Amino acid sequence: MKVTTTVLETRQLVKEWKKEGKSIGLVPTMGFLHEGHASLIARARKENDIVVVSDFVNPTQFGPNEDLEAYPRDFERDSALCESLGADLIFHPEPEEMYHDPCAFVSIDTLSETLCGKTRPIHFKGVCTVVSKLFHIVAPDRAYFGQKDAQQLAIIKKMVLDLNFDLEVIGCPIVREEDGLAKSSRNTYLSQEERKAALCLSKAVKKGQELIQAGCSAEAVLAPMRAIIEAEPLAKIDYVSMVDALTMQPVENVEKDVLVAMAVYIGKTRLIDNFSYEV
Ligand code: AMP
């Protein structure tokens with residue numbers, strides 16, 4: 001497995017692979033890899049000749065009071081995991097390599113204005129910008145994203161469509177701990193007590209799934225979900241919403257495919273979870 005830190009080295013490797021007619025799968029990550037990331041890498045391994053993992057804590061997607069500095073990092077461990085999963089390359093640039101006093105950004109309207117975009121107004125502009133850059137640098141045939149970040153996945157799909165990126169975006173299911181908590185690099189912030197409290201998210205997801213399958217309207221799904229979270233003293237709701245799966249706009253009834261998504265503070269840690277429902 002190769003490791004690159006510059007755009008130039010990465011491009012040179014990609015050029016050679018393309019010359020040999022090899023297909024490339026890209027898995028963009030912020031590192032501190034866990035089984036959620038591993039599932040994306042394993043899927044990319046199955047579907048492509050070459051697997052590239054990017055490992056980069058992207059500063060432009062963090063707001064001024066967010067956890068950029070504290071975000072967990074362990075490149076040695078990430079690198080060993082990628083090697084064990086059969087990745088061909090990790091691209092691990094420093095922020096200075098990716099950004100030189102930038103003036104050009106990629107942003108997306110409407111879809112980025114609801115859910116996480118409300119609380120994190122610059123987040124998706126940073127995500128779209130870095131993902132566009134990675135698409136240009138790695139020129140993948142397929143790019144793999146987790147359903148865990150469902151709004152991000154919907155936004156990237158729409159960006160690829162609108163801006164004519166020549167690649168396929170593949171969404172992969174949420175990987176959970178045995179007790180239901182969605183795996184996340186941010187779970188490492190939780191104290192023992194908070195880790196227990198964090199189960200209110202997956203419990204609410206389970207409840208919501210039952211209610212939506214029983215044919216309930218949005219409010220009849222969302223109110224009991226909120227009640228589960230509100231019963232947990234360490235939890236504070238940022239949002240619990242039902243939106244159209246494509247436009248990310250709120251819906252009152254389940255007439256099209258929907259996303260039911262939430263962000264909840266457990267102490268100071270903001271966690272997200274969701275489920276999709278297809279009509
Ligand atoms: P991150 O490193 O948090 O930016 O995540 C990199 C990619 O891994 C994103 O596409 C995430 O949606 C995906 N991912 C993170 N956690 C999970 C999980 N628990 N299950 C599936 N995919 C995940």
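The model described here is predicted.

**Ligand site**

In this model, 17 residues surround the ligand, and the closest are H37, G146, D149, V175 and K183. Strand 2 (24-29), helix 2 (35-47) and strand 5 each contribute at least two residues to the shell. Helix 2 gives the largest share, three residues. Sorted by class, the shell holds eight nonpolar, six polar and three charged residues.

**Aromatic pairs**

The model contains four aromatic pairs. One of them joins F135 and F145, with the ring centres 6.5 Å apart and an angle of 80° between the planes, in an edge-to-face arrangement. This pair links distant parts of the chain: F135 is in helix 6 (residues 123-138), F145 is in strand 5 (residues 142-146), and the two are ten residues apart. F135 is buried because its relative accessibility is 4%, under the limit of 20%. F145 is buried as well, with a relative accessible area of 3%.

F135 also pairs with F165: the centres are 5.4 Å apart and the planes stand at 70°, so this pair is edge-to-face. Here too, distant parts of the chain are linked, since F135 is in helix 6 while F165 is in the loop between helix 7 (150-162) and strand 6 (168-172), 30 residues away. F165 has a relative accessibility of 15% and therefore counts as buried. Together, F135, F145 and F165 make up one aromatic cluster.

**Charges over rings**

Two further Phe rings have a charged residue over the face. R77 lies over the face of F32, at 4.7 Å from the ring centre. K125 lies over the face of F105, also at 4.7 Å from the ring centre.

**Positive phi values**

F32, the ring under R77, is located in the loop between strand 2 and helix 2. Both of these elements supply residues to the shell around the ligand, at least two each. The phi angle of F32 is near 50°, a positive value in a residue other than glycine. With a relative accessible area of 17%, F32 is buried, because the limit for that class is 20%.

M248 is another residue other than glycine with a positive phi, in this case near 65°. M248 is found in the loop between strand 7 (235-244) and strand 8 (258-266). Its relative accessibility is 1%, so M248 counts as buried.

Notes:
Residues are numbered from 1 along each chain as its sequence is written. This is a predicted model: local features need pLDDT of at least 70, side-chain atom pairs count only at pLDDT 80 or more; totals for chains, interfaces and linings use all residues. Side-chain values use heavy atoms; hydrogens and water are left out. Rings of Phe, Tyr and Trp (its six-membered ring) pair if their centres lie within 6.5 Å; planes under 30 degrees apart count as stacked, over 60 as edge-to-face and the rest as tilted. Helices (H or I, at least four residues) and strands (E, at least two) are DSSP runs, numbered from the N terminus. Buried means under 20% relative accessible area, exposed over 50%, partly exposed in between (1.4 Å probe, protein chains only). A charge sits over a ring if NZ of Lys or CZ of Arg is within 6 Å of the ring centre and within 35 degrees of the ring normal. A residue is near a molecule or strand if one of its heavy atoms lies within 4 Å of it. Ala, Val, Leu, Ile, Met, Phe, Trp, Tyr, Cys and Pro count as nonpolar, Asp, Glu, Lys and Arg as charged, and the others, Gly among them, as polar.
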